[in-house]
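Please look at the sequence and the fold before reading on.

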There are 2 protein chains.
Amino acid sequence: MKYAVIGTGAIGGYYGAMLARNEMDVHFLLHSDYPHVNEQGLRIDSINGNFNVAVNAYAKPEDMPLCDVAIVALKTTNNHLLEVLLPQVIKYNGIVVIMQNGLAVEQVAADILPQASIIGGLCFIGSTKIGPGHIKHSDFGMVSLGHYIKDESAAGITPELGLVTEDFLACGIDVKPVENLCFLRWQKLVWNVPFNGLSVVLNSSTAELLRQHDSRELIKSIMLEVIAAANACGQPLSASLAESMLVNTETNMQDYAPSMKVDYEHNRPLEINAIYQSMIDRAARSGADMKLAKMLAQQLQFLSRDDVQ
Amino acid sequence: MKYAVIGTGAIGGYYGAMLARNEMDVHFLLHSDYPHVNEQGLRIDSINGNFNVAVNAYAKPEDMPLCDVAIVALKTTNNHLLEVLLPQVIKYNGIVVIMQNGLAVEQVAADILPQASIIGGLCFIGSTKIGPGHIKHSDFGMVSLGHYIKDESAAGITPELGLVTEDFLACGIDVKPVENLCFLRWQKLVWNVPFNGLSVVLNSSTAELLRQHDSRELIKSIMLEVIAAANACGQPLSASLAESMLVNTETNMQDYAPSMKVDYEHNRPLEINAIYQSMIDRAARSGADMKLAKMLAQQLQFLSRDDVQ
């Protein structure tokens, strides 16, 4: 299968480079990094060993071949680009793999390509772009893939999901295919909602937030609110997940700046809609009032006002 | 009546100077400002006209005469000093006027001097200490006084309240005696709870917070939460107070850094217990869960951790 990578940053750059290194047919769309990557390829400094890989780089989507699979790893704040982009790089009945944060981010692609198979990818990875075409992979690397269906039920392991899983596995990527994407999206929000927002509002890292009693309690309250909302939306997350995620973050993760904190420090737009607002709206439709998440989103909107406008 | 002023800052310095200027018998307890004030008196730069006044200044409470009235205008974070201080400066059956922020701040003095009359003062004033014994009075100046009783009901206009009111009025202070102190304390919290905390957490002034849509909505949500808690505690505040306070702040107040923001910028301890925790605890006892106020208090605790410890 021919792969397109849209958004060659910390996520798209890392996974795309893993595919390219293993001689998959991968085509990267780049913006400001195009000249550098076209000349020197991608460079990955990884806990599993560093490598360079020459890649097919493109500055314009119209120059790319029509691919079977598009990996979308843009920030969600750039999703308005997809309407023009996607049909240029992928067959109308191809496979789109959405490697983005948030809830229902797959629906954007589903609306643009109604005949395509949409797969959601949740990446459990510590990676950062530290220069043009240069990605530092510092922690983990696992990606969960699930087939998206609009009604939020379990799609099971579909043939398309199997094809992508097979390719990723063949390239040494730690993939876990899942039957119920929506459940997993909610589960990841349990971590993302408190840590992303609070790291920005309180100008701190995960370890700092966990070290202090009040902020740890606040994180846990927000986690429990997300879990309650997930249950209201038909995804049966257990309340015990909150404490186990906290302990896991304390013991197994390096001190970490969540993606929103990195975005904020670089004056990039914040993914408030994808991570917060779409969840708050979805929960409200099932009668769950997410007071804490809403307050955090409002604080983030206030702090991001100069950057976004 | 002989007056003692404990805490000669923006509040105690201003009202004490107003009393002293009008030849009341006032005795000021000072700490680091003692040498300056002992030599040069107090200087007030006021919207109503600047003035200097020579005052009776003391560095130690044991040097002060026993007074009839003590005006307590310390930050609540220094209230642990009162247990030793108060009995040294005031008659056991005297009058204590508590000019502090928060809820049930009067109870501290009531516990120390069970025979004394405790009056709560709520100051609607823009004033700042800008140097030793030097206070800038930039806005308003009204003070509401109410007699404190522990059961939170209306004490009415008591003789002690009448005496203090008379003295203040005679010195040109705009005093309003109130029948129900507790009601007024809750009313003031409707403003203090959102603006004090958010100005610290979001590093902004009142006008900035009101200008942006999301932060204005958040302020209003917090105000409505305080109003609901007040009602649960038997103080019938109207929900319409939220919008009218917002409009009043927008139209009638200068852009303003709330006292907690000023404290934070000067690395002073924050009045989290007086303004937030005692209210949250009181509301919980009446079954009201103040989720937003609690989150704000937790954020403030996190931000203040280096300063307080």
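This is a predicted model: local features need pLDDT of at least 70, side-chain atom pairs count only at pLDDT 80 or more; totals for chains, interfaces and linings use all residues.

Residues are numbered from 1 along each chain as its sequence is written, chains are lettered from A and ligands numbered from 1 in the order in which they are written, and side-chain values use heavy atoms, with hydrogens and water left out.

Domain 1 of chain A puts 23 residues into the contact and domain 2 of chain A puts in 22 residues. Contact means heavy atoms within 4.5 Å.

UniProt, in an unreviewed entry, annotates residues 3-148 of chain A as "domain: Ketopantoate reductase N-terminal". It also annotates residues 185-302 of chain A as "domain: Ketopantoate reductase C-terminal", again from an unreviewed entry. Helices (H or I, at least four residues) and strands (E, at least two) are DSSP runs, numbered from the N terminus.

| Span of chain A | Helix | Strand | End C-alpha separation |
|---|---|---|---|
| Residues 3-148 | 22% helix | 44% strand | 19 Å |
| Residues 185-302 | 75% helix | 0% strand | 26 Å |

**Helix packing**

Axes are lines fitted to C-alpha atoms, for helices over the stretch in contact, with angles from 0 to 180 degrees between N-to-C directions. In chain A, the axes of helix 6 (residues 181-201) and helix 11 (residues 272-285) come within 10 Å and cross at roughly 125°. That makes helix 6 of chain A oblique to helix 11 of chain A; angles under 35 degrees are roughly parallel, over 145 roughly antiparallel, 65 to 115 roughly perpendicular and the rest oblique. The crossing is left-handed, meaning the near helix is turned anticlockwise from the far one by less than a right angle; clockwise is right-handed. Helix 6 of chain A contributes residues including Trp186(A) and Asn192(A), and helix 11 of chain A residues including Tyr276(A) and Arg282(A). By class, this contact has six nonpolar, three polar and one charged residues. Ala, Val, Leu, Ile, Met, Phe, Trp, Tyr, Cys and Pro count as nonpolar, Asp, Glu, Lys and Arg as charged, and the others, Gly among them, as polar.

Helix 6 of chain A also meets helix 8 (residues 213-232) of chain A, with axes within 9 Å and a crossing of roughly 145°. This crossing is right-handed. Among the residues in contact are Trp191(A) and Phe195(A) of helix 6 and Ile222(A) and Val226(A) of helix 8. The contact has 16 nonpolar, no polar and no charged residues.

Definitions and conventions
UniProt positions are given in the numbering used here, feature names are shortened, and annotations may be inferred rather than shown by experiment.
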